[in-house]
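Here's a quick tour of one protein model. Have a look at the sequence and the 3D view, then read on for what's going on inside.

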Amino acid sequence: MTADLSQLVKAYDVRGVVPDQWDETLAELFGAAFVQVTGADAIVTGHDMRPSSPGLSRAFARGAAARGVDVTEIGLCSTDQLYYASGAFGLAGAMFTASHNPAQYNGIKMCRPGAAPVGQDTGLSEVRELVESWIDSGAPTSDATPGTITRRDTLEDYAAHLRGLVDLTSIRPLKVVVDAGNGMGGHTVPTVFAGLPLTLVPMYFELDGTFPNHEANPLDPANIVDLQKRVREEGADLGIAFDGDADRCFVVDERGEPVSPSAITALVAARELARHGGKGTVIHNLITSWSVPEVVRENGGTPVRTRVGHSFIKAEMATSGAIFGGEHSAHYYFKDFWNADTGMLAALHVLAALGGQEGTLSALVAQYDRYAGSGEINSTVDDQAGRLAAIKKTYEGREDVTLDELDGLTVSATDWWFNVRPSNTEPLLRLNAEARDEPTMAKVRDEVLAIIRG
């Protein structure tokens, strides 16, 4: 096949349509290139439930083994389970998944030992260059003795590691509905939750990479409608939805109402700060709620603001020694999990917090959800730079308004703020706005949208 790697290799991972954009032949080249760039002598691989995942994963393993590298295959797993294996074994790793993308997609999330990310600036561009140079001729033959490919089950160890990071011993019985979206949560949740005082109501736990019920992207409100309805019908204490590779979790309360990921970030931050003696750095990106840095400071911590994107969060986690980090996209990062993101650990924190007191989840999170937010609003535009310039011109020079351009344009006032960021891959501008009350937020939101769409 003729592959266009500019469309396949993204900023943080490899992702494209199978077999139109890539196939097992290309996966084998990626395996060879990955071990050459990382210098690894042993790696670990895992894959999700997509129909193409086992073949792609095995081809990658063949490419690595042909260059003298021993490969441990952990088979079906969530992305954070692969990160666990990378951290626990001290091995570079590769996870085959396209997360929440439709069934025809697949991809590779790569990391160095200890789950350290491999992104555009940390080796992924070199991997791409090697694969491009080998597409026509194949990878050069190696003088090394071929490595071994062995299987190892890590699910029980992964579950035990997570449960060791959250005290769940004294929680009251809870009824929880979990929507796995036919993704890897259906594989991991039963083992992670085993033995806890939970009545589990499973939804779409059957592993099916064609996603027959709904897309496995809980950030889209359409994809949690079934969960919301079931929570109300069951009289459950809460609901949890996972994305396709189960590294993100989204929470709904006992009324079936969505809980803001910023509120979850603040809740978990308070708990992690308590675990660390009331001190530590917590990372949050610039579109999380004002609530997050406020709660961090109130609990003795130091908030640090970053650009949006897991590579920025992970880099800052490593630099600052942060104990926790959260994004409004429902990614949650933990120092005690090799600075990697794990939605499952965040879910256990929510269960522990709720089960450790007698009130409802809605009452519990109210203290962490203090402002009115717009959510992310995407607008298709022809001229991203021109629209951003128009917004900047509108607001700069206004009294009591500050502007910064850490990531797109953030405009802040006493009672409100908004951020507008361009998409890296589509002709979109993304707006997030927040204010101290709903009418103010709506006014700011509509004023900015008028400029964006004008």
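Which residues touch the most other members of the largest nonpolar core? They are Phe193, Leu238, Phe242, Leu348 and Leu361, out of 74 residues in that core. Keep in mind that this is a predicted model.

**The nonpolar cores**

- Helix α12, which covers residues 343–355, gives the most to this core, with 10 residues.
- There's also a second, separate core of 35 residues, and Val14, Ala65, Ala94 and Val118 are among its members.
- Setting aside neighbours within four places in sequence, leucine 238 is in contact with several valines: Val176, Val177, Val231, Val251, Val252 and Val350 are among its partners.
- The contacts of leucine 238 also include Leu351, Leu354 and Leu361, along with Lys175 and Asp253.

**The cavity**

- How many cavities of 30 Å³ or more turn up in a search of the whole structure? The search finds 1.
- The largest cavity has a volume of about 40 Å³.
- Rolling a probe the size of a water molecule over the atoms is what shows where empty space is left.
- Ten names to look for around the cavity: its lining is made of Asp179, Gly181, His214, Glu215, Ala216, Asn217, Pro218, Asn223, Ala241 and Phe242.
- By type, that lining splits into 4 nonpolar, 4 polar and 2 charged residues.

**The cysteines**

- A disulfide is a covalent bond between the sulfur atoms of two cysteines.
- How many disulfides does the structure hold? The count is 0.
- Cysteine 111 is in no disulfide either, with the sulfur of cysteine 77 as its nearest, 11 Å away.
- Cysteine 77 has 0% relative accessibility, so it counts as buried.
- Cysteine 111 is buried too, with a relative accessible area of 1%.

**Serine 78**

- Where does serine 78 sit? You'll find serine 78 in the loop between β3 (70–76) and α4 (79–89).
- Is serine 78 buried or exposed? It counts as buried, because its relative accessibility is 0%.
- Not counting residues up to four places away in sequence, serine 78 touches Met95, Tyr158, Met184, Thr188, Asp245 and Ala246.

Methods:
Residues are numbered from 1 along each chain as its sequence is written. This is a predicted model: local features need pLDDT of at least 70, side-chain atom pairs count only at pLDDT 80 or more; totals for chains, interfaces and linings use all residues. Side-chain values use heavy atoms; hydrogens and water are left out. Helices (H or I, at least four residues) and strands (E, at least two) are DSSP runs, numbered from the N terminus. Buried means under 20% relative accessible area, exposed over 50%, partly exposed in between (1.4 Å probe, protein chains only). Contact means heavy atoms within 4.5 Å. On a 1 Å grid over the protein atoms alone, a cavity is a set of points where a 1.4 Å probe fits but cannot get out, and a pocket is an open set with protein on both sides within 12 Å along at least five of seven lines; lining residues have an atom within 4 Å of a point. Grid points are joined across faces, edges and corners, and a volume is the space filled by probe spheres set on the points. Ala, Val, Leu, Ile, Met, Phe, Trp, Tyr, Cys and Pro count as nonpolar, Asp, Glu, Lys and Arg as charged, and the others, Gly among them, as polar. A nonpolar core is a set of buried Ala, Val, Leu, Ile, Met, Phe, Trp, Tyr and Cys residues joined through side-chain atoms within 4.5 Å. A disulfide is a pair of cysteine sulfur atoms within 2.5 Å.
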